[in-house]
Amino acid sequence: MTVLVSILSSTVVVAVSLLYATIGEIFSQRAGIMNLGLEGIMLMGCCTGYMTDVATHNLGLSLLVAATVGIVIGVVYAFLTVTLKADQTVCGLAMLTFGTGLSGFIGKNVTSVAANHAFQNIAIPGLSKIPVIGEVFFNQNIMVYAMYIIVPLAMYYIYRTRYGLLLRSLGENPGALDATGYNVFAMRYGYVMFGCMMTTIAGAYLSLAYTNLWNENMVNGKGWIAAALVIFGSWNPVTAVWGAVLFGGVSVLANYFQLLLPQVPSQFMTMLPYILTILVLIITTGNFRKKHVDMPAALTVPYDRENR
């Protein structure tokens, strides 16, 4: 039972590290802008958040700095893809390369330096005493608890509010939205900035709550998995949660398998979450499916007011 609780609790922790970036990217893609640079942006959040924590020992300020970095990156990315109408795939890969290189450069002085200051688990009185469930869900850090609120809020915003309707219209038919008087460009800027901010917060979560250290390239592919979860979840936050739990569980079990099966190369165990990512994308988006994924119609399509 102790091992089961440990596996499930670790699965929640890993899933949350994916969900911050996934939900941010869901909003961005719902607005019609795809960002494949999540890995590099997460690394920037990891690095800047951890550097601030080492210098100040203030976790709130560390998160604020990481979020601000995400907003700045979002402005740059929106300028490229919304204003200049550059190819979103190329810009995303450029952001990946930029974030990976810059984070490695500015973070070299804190590589493997212990901050000795991180988000600690907080047991919720009463709920944490529930067998299994309490230890798994109600003995976590505050960033995990925040995700319990963010997911239902995201669902309510997208599917139950007027602003959510406008967001879905932005990704489906921005020309019609523009014709009714809404500023398509400003709205896309806002959602891209929000998506990048959530992604840097996901990175800060990794260095401030998950590992409590900074190493170059420590995101280790989680940005790509988060991007895959957007498609897996059909641009729906709740469905993305199940995908994050699935990938998180496989990642945790891979670590246990290394202990149980030491004769199997550790590199193979590390590959398991990414193999699962490929298989899930094939199953959920393959041409053999009778019902295809309903992606936003205007996703990756630059909006030109003159051609509406």
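A word on conventions comes before the description. This is a predicted model, in which local features need pLDDT of at least 70 and side-chain atom pairs count only at pLDDT 80 or more, while totals for chains, interfaces and linings use all residues. Residues are numbered from 1 along each chain as its sequence is written, and side-chain values use heavy atoms, with hydrogens and water left out.

Let me start with the fold. The protein has twelve helices and two strands; here helices (H or I, at least four residues) and strands (E, at least two) are DSSP runs, numbered from the N terminus. Read from the N terminus, the order of elements is α-α-α-α-β-α-β-α-α-α-α-α-α-α.

What are the overall dimensions of the C-alpha trace along its principal axes? The trace spans about 60 × 50 × 45 Å. The radius of gyration is taken over C-alpha atoms, and the globule rule is 2.2 Å times the number of residues to the power 0.38. For 308 residues, a compact globule would have a radius near 19 Å, and the 20 Å of the protein agrees with that.

The protein exposes about 14400 Å², of which carbon and sulfur atoms supply 68%; these areas come from the Shrake-Rupley method with a 1.4 Å probe, and for residues only the protein chains shown count as cover. Of the 308 residues, 49% count as buried. Buried means under 20% relative accessible area, exposed over 50%, and partly exposed in between (1.4 Å probe, protein chains only). A contact is a case of heavy atoms within 4.5 Å. Among contacts between residues at least 6 apart in sequence, 76% join residues at least 24 apart.

We now turn to the interior. A nonpolar core is a set of buried Ala, Val, Leu, Ile, Met, Phe, Trp, Tyr and Cys residues joined through side-chain atoms within 4.5 Å. The largest one has 67 residues, and Tyr 20 and Trp 214 touch the most other members. Beyond its neighbours within four places in sequence, Trp 214 is in contact with several residues, including Leu 43, Cys 46, Cys 47 and Tyr 50. A second, separate core of 13 residues includes Ile 41, Met 44, Val 69 and Val 82.

Ile 41 lies in helix α2, which covers residues 38–56. With a relative accessible area of 1%, Ile 41 is buried. Setting aside neighbours within four places in sequence, the contacts of Ile 41 include Asn 35, Ile 73, Met 95 and Cys 196. Ile 41 and Gly 92 are 51 residues apart in sequence, and their C-alpha atoms are 9.9 Å apart in space.

Ser 17 is buried, at 0% relative accessibility. Apart from neighbours within four places in sequence, Ser 17 is in contact with Met 42, Ala 202, Tyr 205, Leu 206 and Lys 222.

Next come the aromatic rings. Rings of Phe, Tyr and Trp (its six-membered ring) pair if their centres lie within 6.5 Å; planes under 30 degrees apart count as stacked, over 60 as edge-to-face and the rest as tilted. The count by this rule is seven aromatic pairs. One of them joins Phe 27 and Tyr 157, a tilted pair with 5.7 Å between centres and 50° between planes. This pair links distant parts of the chain, with Phe 27 in helix α1 (residues 2–30) and Tyr 157 in helix α6 (residues 142–160), 130 residues apart. Phe 27 is buried at 5%, whereas Tyr 157 is partly exposed at 26%. Phe 27 also pairs with Phe 194: the centres are 5.2 Å apart and the planes stand at 75°, so this pair is edge-to-face. Ring pairs link Phe 27, Tyr 157, Tyr 191 and Phe 194 into a cluster.

Finally, the cysteines. How many disulfides does the structure hold? The number is zero, where a disulfide is a pair of cysteine sulfur atoms within 2.5 Å. For Cys 46, the closest cysteine sulfur is that of Cys 47, 8.4 Å away and therefore too far for a bond. Cys 46 is buried at 0% relative accessibility, and Cys 47 is buried with a relative accessible area of 0%.
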